[in-house]
Amino acid sequence: MSVPFTTDRFLASLLAGMSPTMPSGMRERVSNRFQQHFPVLYQDLQHLYAKKFADEHAFALWLMDLLCMAGNSIAQRPALLLELDQQRSEDREWFTKENMLGYCCYVDRFAGDLKGVQQRIPHLQELGVTYLHLLPFLKARAGENDGGFAVADFDAIEPRFGTMQDLEQTCDALRKAGISLCSDFILNHVADDHPWAIAAKNGDARYRDYFYHYPDRSEPDAFEKHLGQVFPQVAPGNFSYVLDIQAWVWTTFYPYQWDLNYRNPAVFADMTAALLRLANRGVEAFRLDSTAFLWKRAGTKCMNQPEAHQILQALRSLVDIAAPGVLLKAEAIVETSDLPAYLGSNDETRIIKECHLAYHSSLMAASWVALAEQDTSLIRHVVAATPALPEQSSWLTYVRCHDDIGWNVLRPEACLEAEDVQQRLARVSRFYSGEDSYARGQSFQATDPGAVHGTVGMASALTGFTSAQTAEEKYLARQRLLLLYGLSFCFGGMPLIYMGDELAQENDAAYQHITAQAVDSRWLHRPAWDENLYQQRHDSLSHTAAVFDALCHMLHVRRQLLQLAAATPRQLLTPASPAVLAFMRGSTKQPLLYLANFSENNVSIDINALLAGYDIPAQAWLNQLDRLDAGTCVTLTAYAQLWLTQKNNPGAKA
Ligand code: OTU
């Protein structure tokens with residue numbers, strides 16, 4: 001297919017969008033970025049949208065408009081952010097280093113509003129946070145809004161949280177403290193009271209086309225045969241009947257969250273523009289919500305479709321042209337084998353750039369399975385199935401987040417040991433709901449105890465703090481919590497602390513009495529900041545302090561260990577005891593050995609035997625966590641972990 005316009009004509013559109021007063025150095029920089037990213041952008045968009053236009057000429061005009069918008073966005077970009085773009089273009093690995101640490105919270109629950117968030121910067125600094133993910137803070141739907149995941153306006157802040165100016169100031173204040181602000185960007189759907197949805201309801205044909213709507217059940221029923229359910233109890237099905245337009249609208253999540261129709265090029269263009277506008281406010285990273293669902297194809301689960309990846313790649317190209325300092329993070333809660341694609345790839349023939357970061361949701365869920373089963377076979381499969389990262393990308397590793405722990409993504413691994421998958425996962429789910437266990441979580445969206453969906457609850461409730469009576473039980477609960485966080489610190493990625501976990505904050509059942517929250521038990525693990533616990537964080541007699549200090553210490557050690565940068569290779573090892581997860585980070589010349597005992601029993605490991613086959617000189621090891629000699633034979637007590645480096649060759653910063 002011949003290109004009806006020369007590349008120069010497209011570049012001219014981009015530059016025309018920029019102000020003519022833009023210094024020539026800037027124009028040159030932008031031109032270079034364009035030359036680098038346009039070929040991929042063109043290819044993706046042509047594949048997605050060319051056929052939507054009468055001819056190639058019309059498609060080219062649309063693309064020129066899109067580039068003009070991007071140029072305009074560069075023109076609007078504050079000088080400080082242009083500078084940041086430049087710095088980060090020169091240090092593209094900046095977000096993959098061993099010092100990176102994320103923190104995730106709701107604005108109101110953490111600090112009331114955006115101004116309050118600024119007041120809490122010292123807390124973030126004490127932990128060493130470099131990346132703050134504030135859960136949705138854009139103007140949300142009136143009434144129920146899924147914790148802000150139903151956006152009514154991409155250009156306004158939820159009034160309770162403050163104003164756009166507050167957001168800009170918060171971004172600035174955080175940046176000065178070395179913290180990048182990450183905002184959710186909910187690109188799969190908008191609220192049913194977003195102006196596009198309202199226009200659609202009012203019969204505006206242009207905006208009806210922003211959504212998927214069907215006059216009767218025939219197509220929805222055909223689709224449903226292959227679709228999953230995210231909220232099977234409270235929002236069953238994937239379509240909702242909307243009276244105003246007398247049609248079934250595609251609503252993967254709640255009925256008030258209308259899926260956007262990315263087959264329509266205008267949706268892609270409008271959403272890209274909205275993201276770039278927020279980037280110009282100072283947002284440095286975007287958590288792209290529900291990325292797996294962006295493209296629907298009959299006869300499939302409508303997840304992970306090739307076009308969903310093309311959309312993300314096109315968005316990445318535009319970000320790389322118009323705001324290259326900005327990070328994209330994929331939230332795709334999908335099976336392990338489907339995860340890597342969200343980071344692009346580095347194969348010999350073609351470098352594909354997609355998101356900079358992606359949640360490693362399988363690793364997270366599998367770590368909870370290992371803890372419940374006191375056996376690491378399942379998580380070993382997950383680690384083994386995790387390929388090396390493409391360059392300049394990183395996993396987002398975590399223990400808990402604002403959502404449930406979904407078990408079903410682990411089905412492919414769970415069936416590898418000859419056993420009934422359903423029963424195995426259901427057992428884990430029941431374990432965390434407290435059946436014969438120390439855990440005090442609940443099953444999510446499954447009244448049938450034989451069915452498996454997800455588990456809700458704060459990490460501290462799931463690891464046994466809530467049920468612990470004795471000092472010994474509290475100790476074990478702490479060991480479990482630190483075990484899971486330790487894995488997220490060592491695996492290779494940017495770890496994320498979920499607000500409250502650093503203080504071992506517990507479940508909050510108050511949501512049951514709040515109308516807009518009562519149906520959704522994920523609120524159980526969305527407590528408000530506990531100032532009392534915070535005040536106890538250094539009080540050596542409190543359990544909070546024991547957790548807080550230990551976490552801070554581990555994070556301090558982590559920052560010194562070059563082997564823990566995301567890009568450093570990881571080698572899964574196979575200790576004889578199934579209770580122990582072991583891997584090596586870094587090179588054989590300067591290895592870091594991670595050993596974690598997921599059981600309550602002592603386990604001894606002969607390190608030389610474990611490393612047989614690796615060209616590593618037999619010498620003594622040092623546990624970086626307590627700076628004690630570990631020798632070559634170690635015993636891991638209940639839920640203990642060791643971060644070992646070679647005594648004479650630690651690889652730690654001076
Ligand atoms: C995301 O989550 C968000 O994280 C949820 O908080 C939202 O409710 C949802 O999107 C809709 O915006 O499957 O990949 O607990 O794991 O809803 C997207 C269920 C998702 C979540 C699921 C999830």
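I began with helices α12 and α13, which are oblique to each other. Oblique is what remains once angles under 35 degrees (roughly parallel), over 145 (roughly antiparallel) and 65 to 115 (roughly perpendicular) are taken out. The axes of α12 (residues 265–281) and α13 cross at roughly 40° and come within 11 Å. Axes here are lines fitted to C-alpha atoms, for helices over the stretch in contact, and angles run from 0 to 180 degrees between N-to-C directions. Helices are DSSP runs (H or I, at least four residues), numbered from the N terminus.

I noted the ground rules. This is a predicted model, where local features need pLDDT of at least 70 and side-chain atom pairs pLDDT 80 or more, while totals for chains, interfaces and linings use all residues. Residues are numbered from 1 along each chain as its sequence is written, and side-chain values use heavy atoms, with hydrogens and water left out.

Next I checked the handedness: α12 passes α13 in a right-handed crossing. That term applies if the near helix is turned clockwise from the far one by less than a right angle, and left-handed if anticlockwise.

I then listed the residues that meet. From α12 come Phe268, Thr272, Leu275 and Leu276; from α13, Ile311, Ala314, Leu315, Leu318, Val319 and Ala322. They divide into nine nonpolar, one polar and no charged. Contact means heavy atoms within 4.5 Å.

I turned to α2 (residues 24–49) against α13 (residues 306–322). Their axes are 9 Å apart, at an angle of about 150°. The two are therefore roughly antiparallel. Their crossing is left-handed. Among the α2 residues in this contact are Arg33, Asp44 and Leu45; α13 brings residues including Glu307, Ile311 and Asp320.

Gln35 counts as partly exposed because its relative accessibility is 43% (buried is under 20%, exposed over 50%, with a 1.4 Å probe and protein chains only). Beyond its neighbours within four places in sequence, Gln35 contacts Thr7 and Leu11. Its C-alpha is 9.5 Å from that of Asp8, 27 residues away in sequence.

Last, the core. A nonpolar core is a set of buried Ala, Val, Leu, Ile, Met, Phe, Trp, Tyr and Cys residues joined through side-chain atoms within 4.5 Å. The largest has 213 residues; Leu45, Tyr103, Tyr262, Phe268, Trp368 and Trp407 touch the most other members. A second, separate core of 20 residues includes Met584 and Ile607.

Notes: Ala, Val, Leu, Ile, Met, Phe, Trp, Tyr, Cys and Pro count as nonpolar, Asp, Glu, Lys and Arg as charged, and the others, Gly among them, as polar.
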